[in-house]
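Subject: The structure I promised

Hi,

Here is the structure we talked about, ready for you to open. Have a look around first, and then read on for what turned up.

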Amino acid sequence: WHGPRRYFGLHYDLHAGTGDTELGVRANPKYLVPMLKLLGADFVQTDCKGHPGYTSWFSKVPDASVSPGVRKDAMKGWRAATARLGLPLHCHYSGIWDDAAGARHPEWCRVDAEGKPVAGRMCPRGAYQEQLMVPQFMELIDRYGVDGFWVDGEIWATEPCYCPRCREAFTAQTGIAAPPTDPQEADWPAWFAFTMRSFEEHVARYCAAVHAHKPGVLVCSNWLQTFRHPGEPWVPTDWISGDNTWVFGLDGCRCEARFISTRGKPWDIMIWSFYAAHGMGQPDSPWTAKPAAMIQQEAAVVLAFGGNVQVYENPGELRNGQLVPWRIARLREVGRFVKARRTICQGTETIPQVAVLHSEHHARSRATRNLMWGTDTAAVQGAVYSLLENHWGVDVLDEWALGPRLTEFPVVVAPEQGRMSDAMVERLKAYAAAGGH
């Protein structure tokens with residue numbers, strides 16, 4: 001990570017598309033520097049390439065899709081503004097989810113169980129990373145000197161792929177003749193584990209490529225190694241982050257912060273600065289800017305567990321790169337709240353009281369199709385919320401994290417964790433025999 005000075009960040013993205021007409025027009029130091037000074041951010045993540053797959057800068061990579069609405073080089077403007085203020089600059093880059101790349105190269109796409117390409121979803125074993133993703137990372141590093149990548153549209157956009165590459169690798173690794181197509185089949189846990197490992201190796205490859213090209217450039221894959229991805233965090237990302245749910249963010253933070261803080265890496269939770277009360281994209285549910293106090297409440301949970309905070313700002317239909325003064329002034333209140341608590345929160349650890357076990361073996365044995373949303377966390381969430389309502393200090397740990405620390409906790413709760421590993425069962429028996437509860 002960039003060190004303790006980088007505590008409060010701004011995340012700004014637009015997800016450029018074919019309907020844009022004025023991208024980058026006001027993304028230059030004249031407009032950005034005063035707003036960034038007003039905000040008081042310590043680091044910045046800016047728009048780069050969103051889920052539609054179109055860049056908001058003039059990419060020269062042969063397989064790039066540049067939005068027809070790019071009028072000025074927004075990356076150049078953001079780099080100049082952040083350099084003037086001495087701020088690190090990260091890129092928001094959509095990885096596995098890339099609609100434009102899928103349209104250009106259907107052979108890069110994930111294949112469903114019926115043998116059909118899934119539009120806009122890349123196969124982690126395909127040529128997408130080598131031919132487009134990594135070359136664009138190198139372009140952004142070399143042309144703009146960016147300091148990091150926050151890769152979006154990754155674990156939560158990934159499901160099993162039935163292309164010949166994946167089928168052959170699965171059979172070679174497991175000896176199973178053909179991958180299952182239904183989560184109820186006996187071989188599904190092995191297929192899910194293979195899919196997860198393929199995805200993790202995909203992230204590990206682009207981490208290695210970036211680190212080899214320019215040491216010190218940081219990489220994060222959105223939601224990797226978080227609450228819905230328990231297990232040893234072996235993939236060599238430089239920090240952990242996820243954008244919190246837009247409407248019930250407080251409850252999201254309560255479990256995520258308690259889990260991510262056990263991963264052994266720098267981390268943050270990205271808090272949306274706006275919400276829709278009745279669901280995303282509903283006609284009767286317009287996007288509304290959150291009051292500062294609502295964002296501060298979410299931030300408080302993150303800070304209390306030693307994490308960093310970044311706030312996601314997207315000005316809706318304003319697509320020219322401008323930051324809106326009244327919105328930035330409101331977020332400045334959040335930044336002041338965050339920084340006022342740095343000295344007593346940054347780098348702290350919890351006092352062990354109650355550990356809630358979130359077994360990676362149990363979670364993966366019951367998983368369905370999606371690598372993130374296919375993980376059932378309801379029992380763990382219920383236990384956490386119930387304990388918090390009774391004023392206990394709670395940490396959420398998987399087997400990897402709880403094993404070495406088991407004796408630190410007076411109480412362990414294993415909510416409906418009926419398929420934990422045999423090794424964890426034996427540890428818990430020994431813990432109880434020695435007086436643990």
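Before the sheet, one term: two strands count as paired if DSSP finds at least two bridges between them. Keep in mind as well that this is a predicted model.

Seven strands make it up, in the order β7-β6-β3-β2-β1-β11-β8, and the pairing is parallel. At the edges sit β7 (218-221) and β8, each of which pairs on one side only. From one strand to the next, the twist averages 25 degrees. As background, strands of a sheet pair through backbone hydrogen bonds, either parallel or antiparallel.

Then look for helix α4 (residues 128-144), which lies across β2, β3 and β6. The helix runs at about 160 degrees to β3.

Now for the pockets. The largest pocket has a volume of about 1100 Å³, and 41 residues line it. To find its centre on screen, select Asp243, Trp246, Trp272, Met280 and Tyr312, the lining residues that lie nearest to it. The elements that give two or more residues to this lining are β6 (148-152), α7 (249-260), β8 (268-272), β10 (288-289) and α12 (378-389). So which element gives the most to the lining of the largest pocket? That is α7, with four residues. Sorted by class, the lining of the largest pocket holds 20 nonpolar, 12 polar and nine charged residues. Two names here come from the sheet: β6 and β8 are among its strands, and both give two or more residues to the largest pocket's lining.

The second largest pocket has a volume of about 500 Å³. Its lining has 26 residues, and those nearest the centre are Ser261, Trp267, Phe305, Thr348 and Glu349. Here the elements giving two or more residues are β13 (394-397) and α13 (399-405). The top contributor to the lining of the second largest pocket is α13, with three residues. By class, this lining comes out at nine nonpolar, 11 polar and six charged residues.

Cheers

Conventions
Residues numbered from 1 in each chain as written. Predicted model: local features only at pLDDT ≥ 70, side-chain atom pairs only at ≥ 80, totals over all residues. Heavy atoms only, no water. 1 Å grid on protein atoms, 1.4 Å probe; cavity = no way out; pocket = protein on both sides within 12 Å on 5 of 7 lines; lining within 4 Å. Points joined across faces, edges and corners; volume = space filled by probe spheres on them. Nonpolar A, V, L, I, M, F, W, Y, C, P; charged D, E, K, R; others polar. Axes fitted to C-alpha atoms, helices over the stretch in contact; angles between N-to-C directions. Contact = heavy atoms within 4.5 Å.
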